[in-house]
Amino acid sequence: MLPELKVYNTLTKTVEKIQPVEPGSLKMYVCGPTVYDSTHVGHGRAYVMYDVFKRYLNSRGYHVIHVMNITDIDDKIINRARDENRDWMEIVETYTKEYLEALNSLNVQIDHHPRVTQHISEIIEFIQRLIEKGHAYVAPSGSVYFDVNTYEDYGRLSGRLVKEAWSQEPDFLAEKKNPYDFALWKAAKPGEPFWESPWGRGRPGWHIECSVMSTRYLGERFDIHGGGTDLIFPHHENERAQSESALGSRPWVSIWMHVGMVMVGADKMSKSLKNIVPIKEVVGKWGGRTLRYWYLMSHYRKPVSFSEESLEIASEHSRRLNQVSSLLQKLWREAVEPHRASDEDLKILRNLLKTHYSFHVALSEDFNTPQAVASLNEFTTIVFRDIQYNPKYILVNTAIRILQDFDNVFGVLETAPEVLVEEDVDPYIKILVDVRKELRNRRIYDLADMIRSELGKLGVTLSDKGSETTWIRVKKQALNT
């Protein structure tokens, strides 16, 4: 029996059991990019870690719905367009395309990618609900702000429990009731994109978009909300406040998860600090699967330092793992079935199964990917040391199926090994039998006999009766043992 699934919850500051809101399914929302610049290695860490987390939950029998937004209207986009004298939509499309290419290179698959500009009407309705419930107010400018004082649990997610630590958006202090209130709707300035609203022309604030899109696609209560640790305050703190105030759902989200920053020296990798390393550059040099493996070598909650040396280590591990995959595929074609496993074979089998179980133990306990990677490394050692020159069917077949399970979660192999089952092989045998029949009809007996002989070596016995041929498959036998 596999261990219970547990994960660290930023809200409760404890590792706790995953308990789905709806039996059999898990709903996960992850904050995606603001598309005004290149997608960098820091972003990629969050994308990969949540993708692997989703894959593991799927492997444990849950159906996971994974939603990640694209912020395609924001101050940063408008400012970038102004600085470069370009249309803001051109900026959005350029970097959205680059972002999607980065996901593809990292083997990350998202179930749904909602964009802010496609959900303006839902955002307006959500804000109106907050106003009607007394949690938001309209400023004379036409901007709308959330009144933080109306939400008594503010600050618990981030651990900022003193009001003086809540101050945000200082440029708008004059029209806010409190310095820590935050914008839900921003009144349009000359030359900026806008949408019509009951409060005048404007556009959504940053935080409101994720509350609206997550609940639209996952419901008014869902399981997991993720992002980087830099989003805990103010973004996720504000999301939680406005969502629980509008919806009346407590808790709105069961588990808050946060991925640690990628560091460059003493600083986090950040567009604002201009120290980013674009994913496309790293992928161009090392490959997407190597970068993906690099992310898995560190625990998701801890910061990790970006360096060429650590990527070299990841590259070597990735190369070794792909060698194991190719070797097992070759060994499967050569494997023999002696119909009796030796004591040594059984010992090797037990060691294989231990690595598989330890892999699950690691990922079940707060998604410990470095420990899971250690199990994977032990697995590769067993294959090279104990199976490479002892290709017994039970060992090779078990190793392939374990490696398939590993890679269904990690997604780092260039080509995963496959074991053809009978229903996969049978159509190909039938084609060869039909070709042999045609050769016999044309009296090309030497080629017909060669097909019969080669199929026999693979355990396929042909029986001719007149012009018809029947065949059966038998298990491969030991070679002179």
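Student: What should I know about the model before we start?
Tutor: It is predicted, with local features needing pLDDT of at least 70 and side-chain atom pairs counting only at pLDDT 80 or more, while totals for chains, interfaces and linings use all residues. Residues are numbered from 1 along each chain as its sequence is written, and side-chain values use heavy atoms, leaving out hydrogens and water.

Student: Which strand does β1 join, and by how many bridges?
Tutor: β1 (residues 6-9) is joined to β2 (residues 14-17) by four bridges, and the two run antiparallel. Strands here are DSSP runs (E, at least two residues), numbered from the N terminus, and two of them pair if DSSP finds at least two bridges between them.

Student: What stands opposite V7 in β2?
Tutor: E16 does.

Student: And what about K13 in that hairpin?
Tutor: K13 takes a positive phi near 60 degrees; the hairpin has four residues between its strands.

Student: New topic. In what order do the three strands of the open sheet come?
Tutor: The order is β12-β11-β13, with mixed pairing. β12 (267-268) and β13 (304-305) are the edge strands, each pairing on one side only.

Student: In which sense do β11 and β13 pair?
Tutor: Parallel, over two bridges; β11 covers residues 262-264. M263 has S305 in β13 as its bridge partner.

Student: Where is E239?
Tutor: In helix α6 (residues 232-247); a helix is a DSSP run of H or I, at least four residues.

Student: Is E239 buried or exposed?
Tutor: E239 is buried, meaning under 20% relative accessible area with a 1.4 Å probe, protein chains only.

Student: Which residues does E239 touch?
Tutor: Not counting residues up to four places away in sequence, E239 touches C31, H207, C210, S211, H225 and W252, where contact means heavy atoms within 4.5 Å.

Technical notes:
Buried means under 20% relative accessible area, exposed over 50%, partly exposed in between (1.4 Å probe, protein chains only). Lys and Arg count as positive and Asp and Glu as negative; His and the chain ends are not counted. A salt bridge is a side-chain nitrogen of Lys or Arg within 4 Å of a carboxyl oxygen of Asp or Glu.
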